[in-house]
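Work through the exercises below with the sequence and the model side by side. Try each task before reading its solution.

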Amino acid sequence: PIKALSNQKFRDFSQSYGKEKVGIMTGDVTFNPSAPVLIMTTEIFRNAILEEPERFNNVVYLILDEVHYMDDVERGSVWEESIIFSPIHIKIMCLSATVPNVIELSEWIGKIRNEKVQVVYEDKRPVPLKEMFFTNGKGILPLNDACKALPKKIKLGSWRYNEFERTPLSEVISYLKTNQQFPALYFVFSRKECEANANRCHKSMLLTKEEQIYIDSRLRQLTKMYNLRCAPDDMGLGSLLCKGIGYHHAGMVPALKEVVEILFTEGLIKLLFATETFALGINMPARSVVFSA
């Protein structure tokens, strides 16, 4: 559905099956578009089936990853049109961990495509989630305890946002470090704040000596491969990455975003500040996730 996930799937599949068998098409990159396995963003696929449906004559399966994105008002229609207008010979497989109306959705797909849809349902979470909440004065508490500690006007919804301070960054990072919760994804819903928060952590070192040596050479290798200016000894993102800290948002050069994704996948970024563009279906080795607001 999105570029970051498409890039990751392309890297994973290329490693498993060989680059000659895997292609990718997003708004940023097109590589090997005639490959037997082709990864595409939803918009690219929808446009292609409307403009040139015959190119999919030999396609057997359409896999829609993170199909619960249909709940997104702006992009839901793209998902729906992809399902409605897909050539009828293509079998559709939809994947989602959180779609709430799975029976309703499967019945709708079966009706518009005039075929039986089978639902495979699994309700056991392989990795249990533990929810924590920051409250002023009380610090970071389990969610149930935090609910009891909140002021009554917040519970009733009568508070204004400026009455309720943002979580202090230093306190959260200290908590993550003490409780061995790295690597962590820290979601900030503003590109500017995303970079600002990362820069506020410039005095922290989150990597071991061995990791510091390795990321220095790895970053030089990747920036040379992608022809980027992001050296380990610069004063910007490069120096942060060499401390195990990074940021990722839609305003970055696509190749630089991919370098950050690779380093995070390899476990070399311990704290990544990201906007919601990084959130959807990314199978990254994060131990914890923080929402800034």
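At 5% relative accessibility, Phe187 counts as buried, because buried means under 20% relative accessible area, exposed over 50% and partly exposed in between (1.4 Å probe, protein chains only). This is a predicted model, where local features need pLDDT of at least 70, side-chain atom pairs count only at pLDDT 80 or more, and totals for chains, interfaces and linings use all residues. Residues are numbered from 1 along each chain as its sequence is written, and side-chain values use heavy atoms, with hydrogens and water left out.

**Exercise 1.** Classify the aromatic pair of Phe187 and Phe291.

Step 1: recall the rule. Rings of Phe, Tyr and Trp (its six-membered ring) pair if their centres lie within 6.5 Å; planes under 30 degrees apart count as stacked, over 60 as edge-to-face and the rest as tilted.
Step 2: apply it. The centres of Phe187 and Phe291 are 5.6 Å apart, with 20 degrees between the planes, and the pair is stacked.
Step 3: check exposure. Phe291 is exposed, at 54% relative accessible area.

**Exercise 2.** Classify the pair of Phe10 and Phe31.

Step 1: the ring centres lie 5.8 Å apart and the planes meet at 75 degrees, so this pair is edge-to-face.
Step 2: Phe10 is buried at 11% relative accessible area, while Phe31 is partly exposed at 38%.
Step 3: by the ring rule, the count comes to 5 aromatic pairs.
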